[in-house]
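Hello,

Here is the structure for you to look at. My notes on what was found follow below.

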2 protein chains.
Amino acid sequence: MGIDRLDGRLLELLAEEPRIGVLELSRRLGVARGTAQARLDRLTSGGVIRGFGPQVDPAALGYPVTAFAMLEIRQGQGAEVRAHLATVPEVLELHTTTGSGDMLGRLVARSNADLQRVIDRVVGIEGIVRASTAIVMENPVPLRIVPLVRQAAADGGGDRS
Amino acid sequence: MGIDRLDGRLLELLAEEPRIGVLELSRRLGVARGTAQARLDRLTSGGVIRGFGPQVDPAALGYPVTAFAMLEIRQGQGAEVRAHLATVPEVLELHTTTGSGDMLGRLVARSNADLQRVIDRVVGIEGIVRASTAIVMENPVPLRIVPLVRQAAADGGGDRS
DNA sequence: GCTATCACTGAACAATCTGCCCAGCAAAAA
DNA sequence: TTTTTGCTGGGCAGATTGTTCAGTGATAGC
């Protein structure tokens, strides 16, 4: 859908201080409130902003261990495996990737020992041929979006403002 | 830090409708406003809620292709590689994992062809021995937290309410 | 048994923000 | 030239926020 610099700055402000309202947003952007409102609406209805859900830290909930599991799926069993994994709360995210029916999932667990239980549950279904797990040690780059927004605003946006 | 059922319900409500305020929250939870306020403050200062940043969809920004890159790092080059990858906007996330200096990164690109450019830039540094990339086709389980919150509230929380 | 502490309730207050409306203006498109 | 689009700046009623206060019940400590 394309964003311009004003959209980009709006997203950045929102990323830094998500609790500020439209009025404060318009003040910092130096535009009228209606403009900020309209931009925000456009970004939201255009799907750029999916929502403002709380970002919950699994570690603070008692799940400090994160791991990625690469799963090799038996041909034609994809649907069953997907459905199974969706029922495991510790599976935070699941992707199907290129390759012979492979999947990549993000898991969390209460401890390294607990991770074994989670993995056992994950692979406890027909259809998973092989699973290889990588435990996360550090997270040098936490999930971020601002640099990409900045780039998108710079080359995509012909500066509507 | 541990959460009880009230905290859990609060997080669920917030995940479903992030824009509701404290007052509406208290109404739906059937508690006084001060209580909802206090719980929210506690969850936030306790680190369970990291923030309410906008969830931006890279696809809507013009980056519909997602991929995971597993990088094998030469011994002792970790810091340089991390710093390098942090400068690439298309690297949304980076983890170091168990194994001989391995990293796992999440990349986005404008197209499959563009992904080649991104990967070239990612591996364009000394210290990366080998990179294997898996392109995401589907996302059967998008990043979610509610099931885990529910579980944490159920067995962690002695029901303070 | 008595008391301090804690979490919650219910209420009040001023200050602020939201949703909504309108008229005017300027630039781009038709 | 006329129309459309995006922005400005203003106003209004209604709702929400931040804050404070007193009262209550349960729990923990003395």
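In chain A, V22(A), L23(A), L25(A), S26(A) and L29(A) of helix α2(A) meet R33(A), T35(A), A36(A), Q37(A) and L40(A) of helix α3(A); two residues are in contact if their C-beta atoms, placed from the backbone, lie within 7 Å. The residues of this contact divide into 6 nonpolar, 3 polar and 1 charged (Ala, Val, Leu, Ile, Met, Phe, Trp, Tyr, Cys and Pro count as nonpolar, Asp, Glu, Lys and Arg as charged, and the others, Gly among them, as polar).

This is a predicted model: local features need pLDDT of at least 70, side-chain atom pairs count only at pLDDT 80 or more, and totals for chains, interfaces and linings use all residues. Residues are numbered from 1 along each chain as its sequence is written, while chains are lettered from A and ligands numbered from 1 in the order in which they are written.

Helix α2 covers residues 22–29 of chain A and helix α3 residues 33–45; they pack at about 110°, with axes 8 Å apart (axes are lines fitted to C-alpha atoms, for helices over the stretch in contact, and angles run from 0 to 180 degrees between N-to-C directions). The helices α2(A) and α3(A) are therefore roughly perpendicular (65 to 115 degrees). Helices (H or I, at least four residues) and strands (E, at least two) are DSSP runs, numbered from the N terminus.

Between the chains, the contact takes 62 residues from chain B and 62 residues from chain A. On the side of chain B, the largest share, 8 residues, comes from β6(B).

Strand β1 (residues 49–51) of chain A pairs with β2(B) in the antiparallel sense over 2 bridges (strands pair if DSSP finds at least two bridges between them). There, G51(A) stands opposite Q55(B).

Regards

How values were computed. Parallel < 35°, antiparallel > 145°, perpendicular 65-115°, else oblique.
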